[in-house]
Amino acid sequence: MRRLRHLTGRHRTSSTNRALGLLLAFNAGAVNAGGFLVVQMYTSHMSGFLSLLADNVVLGNLALVLSAVGVLWAFLSGAGTTAILVNWARAHQLRSGFALPLLLEALLMLLFGLMGAITLTWHTVFAVPLTVLLLAFIMGLQNAVVTKMSSAQIRTTHMTGVITDLGIEMGKMFYWNRSGTPPAAQVRANHVRMRLYASLLAMFTSGGVVGAAGFKYIGFIWVVPLAALILALSLPPLMADLERLRTLWRLRRQGTAPDRP
């Protein structure tokens, strides 16, 4: 339990990065697969939307071009929001830099779980319902959090890079080192990385199964427990920063510049 309380804290270790990465990979798989049953789009796969954009520019399908632009913009905005929150927290010496975007993600997931059916009817200028943009924004938020906390070593919302890295390590594992090859020149697989990549794949896949089943048999409300978990993970650093946040809010209302490090 002590480890869980520190998963979203400012001070990072390899073990906390792995643990949080696995939990968020499960969440991404659940939201991505479950969301597909609702909107028929995998809202974390930006490569697919770039291809959709390119194809339909040629085909002249303006509606699909707009939808691809909208999803790409929403994902970029989510990632950018994470960068703003993390850097703002760092500038003000807060412990909750990674917890802030996860708090926002949890709140948006709650909105999706409680009002998802309604947002399906809210049309946008991008020719897709608000639900699609909301899911893409959430995935952008989450992917940027994990990228920044792990120095770009872990991804959770798409598995192409993870599968590639796992394949590279498997290639190293089966590589035949000729007898007499000096130890420093031998090709060796990194088994720690292999376990991490395999675990991320397993969590994303199991999350996808849970997400698809949840949407099929329960509906939007099944997202609420996932949102509650992310909310619980984000709260400890935020509670530790509560007094500091109150001070910053008071100074902002008074128009006084807060102290900077």
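Mentor: Gladly! Keep in mind that this is a predicted model. Let us begin with S44, which touches N32, F75, M139, T157 and H158, leaving aside residues up to four places away in sequence.

Trainee: Is S44 buried or exposed?

Mentor: S44 is found in the loop between α2 and α3 (46-59). Its relative accessible area is 2%. Buried means under 20%, so S44 counts as buried.

Trainee: Which element supplies the largest share of the largest nonpolar core?

Mentor: That core has 58 residues, and F49, M109, F112 and F215 touch the most other members. At least two residues each come from α2, α3, α4, α5, α6 (130-149), α7 (160-174), α8 and α9 (223-240). The largest share, 12 residues, comes from α6.

Trainee: How many residues are in the second, separate core?

Mentor: This other core includes A89, A99, L100 and L238. Its total is 6 residues.

Trainee: Back to F112, then. What does F112 touch?

Mentor: F112 is one of the residues with the most contacts to other members of the largest core. Leaving out residues up to four places away in sequence, its partners are T131, L134, L135, F215, F220 and V223.

Trainee: Which element gives the most to the lining of the largest pocket?

Mentor: The largest pocket has a volume of about 290 Å³. Of the 13 residues that line it, the closest to its centre are S14, Q153, I154, R193 and L196. The elements that give two or more residues to this lining are α2 (14-39) and α8 (191-217). With 4 residues, the one that gives the most is α8.

Trainee: How far does α4 reach from its first C-alpha to its last?

Mentor: α4 has 30 residues. At 1.5 Å a residue, the expected reach is 44 Å. The model comes close to that, with α4 reaching 42 Å.

Conventions. Residues numbered from 1 in each chain as written. Predicted model: local features only at pLDDT ≥ 70, side-chain atom pairs only at ≥ 80, totals over all residues. Heavy atoms only, no water. 1 Å grid on protein atoms, 1.4 Å probe; cavity = no way out; pocket = protein on both sides within 12 Å on 5 of 7 lines; lining within 4 Å. Points joined across faces, edges and corners; volume = space filled by probe spheres on them. Buried < 20%, exposed > 50% of the residue type's maximum accessible area, 1.4 Å probe, protein only. Contact = heavy atoms within 4.5 Å. Expected span 1.5 Å × (residues − 1). Core = buried A, V, L, I, M, F, W, Y, C linked by side-chain atoms within 4.5 Å.
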